[in-house]
Amino acid sequence: MIEVQQNKSLKNYNTFGIDVKAEYFVAVSTVEALEHVVALNDYPEKLLLGGGSNMLLTKNQKKLVIHLNLKGISIEKEDEDFVWVKANAGENWHAFVLWCLAQNFGGLENLSLIPGNVGTAPIQNIGAYGVELKDTFVSCNAIHIKTRKTQTFTKAQCNFGYRNSIFKNEVKGQYVITSVLFKLTKYKHQLKMDYGAITSELKAQNITNPTIQDISKAVITIRESKLPNPKDIGNSGSFFKNPVISKSKFKTLQKNFKNIPSYPISEDKVKVPAGWLIETAGFKGKRFGNYGVHKHQALVLVNYGGAKGGDILNLSKLIQKTVLRLFDISIEAEVNIL
Ligand code: EPU
């Protein structure tokens, strides 16, 4: 039996810990139940909720909130070097990464400890420490909400970019991802250690010949030192994307800000860490009652408990305005504002 609940608090369903209500809420744990629920005509508008790790809820939700709870991990095929692993959408991302590491399957170790679920990871092409989801992604299955047809999206069709995919653009809100297929290494792991923080963490631990498990541990240590655990302090990871600007604009900025960091993107473009811009604008560690900017990472906005989504949204707007005024750079929110 599928039970639609009314006036359900979403506090425990979003990592920001914002206490708004869903007028209608239903949790589904099978594809059949999901197909049934998306067809419910009494609720024309639906909102899919996975791990709730990339959203800021600013008001009570009038749509039918569907909480995806589809569980299961399976090995679909393997050859000498690779294994194809399918994970259902409701699997917790980090638990899935740990499962892969326990089997010694490589490719996801740099993505350890990212909050959220498997099914929402492709939407924003999650990424950290030099690796993105797209690097091991093969395909995903999704249900078209209107027609209830199942469709497979290949990597090419997903059109992945930096924290971006077709699911944030052309087909936004039209599909529910039910499972994701990954291609992982069995023996010849390709370790990605270019990221400075990983190199220094491994060095600090005296590890010269790291395994994928060592990399995962290093990533966990780094993340725990910079990023607040949503279980302790509500947050949604990076609130903004790192902006890409022209090299000529960057050179102009360097005149006033000699130590402004950057990463090359193309011949004429660089990426600037939004965390640096926000810190330089004076917001790092700023607290406004029960919400503010994290003290170790200015890109992360936090709810100390009981904050309103609207207050955090207003803070994000103030940050955007200040960064624009100081640096003439627009920073875009990474999280979905709902
Ligand atoms: N920085 C500051 N002050 C800060 C934060 C950062 O000056 O308060 C500067 C420093 O120069 C630092 C640089 O920014 O060297 C980069 O910082 P960090 O390594 O923490 O990475 P990030 O660019 O702030 C991105 C991702 C994170 C991901 C890390 C590691 C985005 C929007 N964020 O953050 O992803 O974990 O790199 O790869 O691209 C997320 O998306 O939710 C997320 C946490």
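Two strands are said to pair if DSSP finds at least two bridges between them. Helices (H or I, at least four residues) and strands (E, at least two) are DSSP runs, numbered from the N terminus. This is a predicted model, in which local features need pLDDT of at least 70 and side-chain atom pairs count only at pLDDT 80 or more, while totals for chains, interfaces and linings use all residues. Residues are numbered from 1 along each chain as its sequence is written, and side-chain values use heavy atoms, with hydrogens and water left out.

Q: How do you know that β15 and β16 are paired?
A: The definition asks for at least two bridges, and 3 bridges join β15 to β16 (residues 269-271), so the two strands count as a pair, and they run antiparallel. Within this pair S266 stands opposite K269 in β16, and the two strands form a hairpin with 2 residues between them.

Q: What makes β14 and β15 edge strands?
A: The open sheet has 3 strands in the order β14-β16-β15, with antiparallel pairing. Both β14 (244-246) and β15 (263-266) pair on one side only, and this is what the word edge refers to. From one strand to the next the twist averages 40°, where axes are lines fitted to C-alpha atoms, for helices over the stretch in contact, and angles run from 0 to 180 degrees between N-to-C directions.

Q: Which helix packs on this sheet, and which strands does the helix touch?
A: Helix α6 (residues 247-256) packs there and touches β14, β15 and β16, contact meaning heavy atoms within 4.5 Å. The direction of α6 makes about 85° with that of β14.

Q: Why are β1 and β3 said to stand at the edges?
A: Another open sheet has 4 strands in the order β1-β2-β5-β3, with mixed pairing. β1 (5-9) and β3 each have a single partner strand, so one side of each is left without a neighbour in the sheet. The twist here averages 45° from one strand to the next.

Q: How do you know that β3 and β5 are paired?
A: There are 4 bridges between β3 and β5, which run parallel; since the definition requires at least two, the pair qualifies. L47 stands opposite V65 in β5.

Q: Why is Q61 called buried?
A: A residue is buried when its relative accessible area is under 20%, exposed when it is over 50%, and partly exposed in between (1.4 Å probe, protein chains only). Q61, which lies in strand β5, has a relative accessible area of 7%, so it is buried.

Q: Why is V300 called buried?
A: V300 is in the loop between β18 (291-293) and β19 (301-303), and its relative accessibility is 0%, so it counts as buried. Not counting residues up to four places away in sequence, V300 touches several residues, including L227, P228 and N235. The C-alpha atoms of V300 and N235 are separated by 6.9 Å, although the two residues are 65 residues apart along the chain.

Q: What makes the buried residues of α4 line one face of the helix?
A: In α4 (residues 196-204), I198, E201 and L202 are buried. Seen down the axis, the buried residues fall within an arc of 100°, so they line one face; the arc is that of the directions from the helix axis to the C-beta atoms. These buried residues pack against α5 (212-226), whereas the face turned away from the buried side carries the exposed residues K203 and A204.
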